[in-house]
Amino acid sequence: MPNSVFFAPGGIAFHAGPLDRPSHGCIHLTEEDSALVFDRLPVGAEVEVDR
């Protein structure tokens with residue numbers, strides 16, 4: 001999982017992945033967006049996911 005940023009128990013992460021296929025709990029991002037999150041989200045940052 002390229003550019004994985006784990007944010008919840010159970011291995012839930014933001015990472016690069018196909019946007020047209022569902023994930024098994026993670027949030028797929030484009031390669032470019034996943035690289036931005038991976039590089040810029042500070043360790044310990046609070047993450048809120050809203051549907």
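**A walk around the largest pocket**

Start by selecting S4, V5, F6, F7, V37, F38, L41, P42, V43, G44, A45 and V47, the residues that line the largest pocket. A pocket here is an open set of points on a 1 Å grid over the protein atoms alone, with protein on both sides within 12 Å along at least five of seven lines, and lining residues have an atom within 4 Å of a point. Before you go on: this is a predicted model, where local features need pLDDT of at least 70, side-chain atom pairs count only at pLDDT 80 or more, and totals for chains, interfaces and linings use all residues. Numbering runs from 1 along each chain as its sequence is written, and side-chain values use heavy atoms, without hydrogens or water.

Keep that selection and colour it by class. You'll get 10 nonpolar residues, 2 polar ones and no charged ones; Ala, Val, Leu, Ile, Met, Phe, Trp, Tyr, Cys and Pro count as nonpolar, Asp, Glu, Lys and Arg as charged, and the others, Gly among them, as polar. The space inside is about 160 Å³, a volume filled by probe spheres set on the grid points.

Next, switch to cartoon. Which elements each supply at least two residues of the lining? They are β1 (5–8) and α1 (31–40), and β1 gives the largest share, 3 residues.

Now zoom out to the whole protein chain. Helices (H or I, at least four residues) and strands (E, at least two) are DSSP runs, numbered from the N terminus.

Select H15 next, in strand β2 (residues 12–16). Is H15 buried or exposed? It's buried, at 6% relative accessible area; buried means under 20%, exposed over 50%, and partly exposed in between (1.4 Å probe, protein chains only). Show its contacts (heavy atoms within 4.5 Å): leaving out residues up to four places away in sequence, H15 touches M1, P2, N3, S4, C26, I27, H28, L29 and S34.

Last stop: N3, one of those H15 neighbours. N3 sits in the segment before β1 and counts as partly exposed at 23% relative accessibility. Check the backbone too: phi of N3 is near 55°, a positive value in a residue other than glycine.

Conventions:
On a 1 Å grid over the protein atoms alone, a cavity is a set of points where a 1.4 Å probe fits but cannot get out, and a pocket is an open set with protein on both sides within 12 Å along at least five of seven lines; lining residues have an atom within 4 Å of a point.
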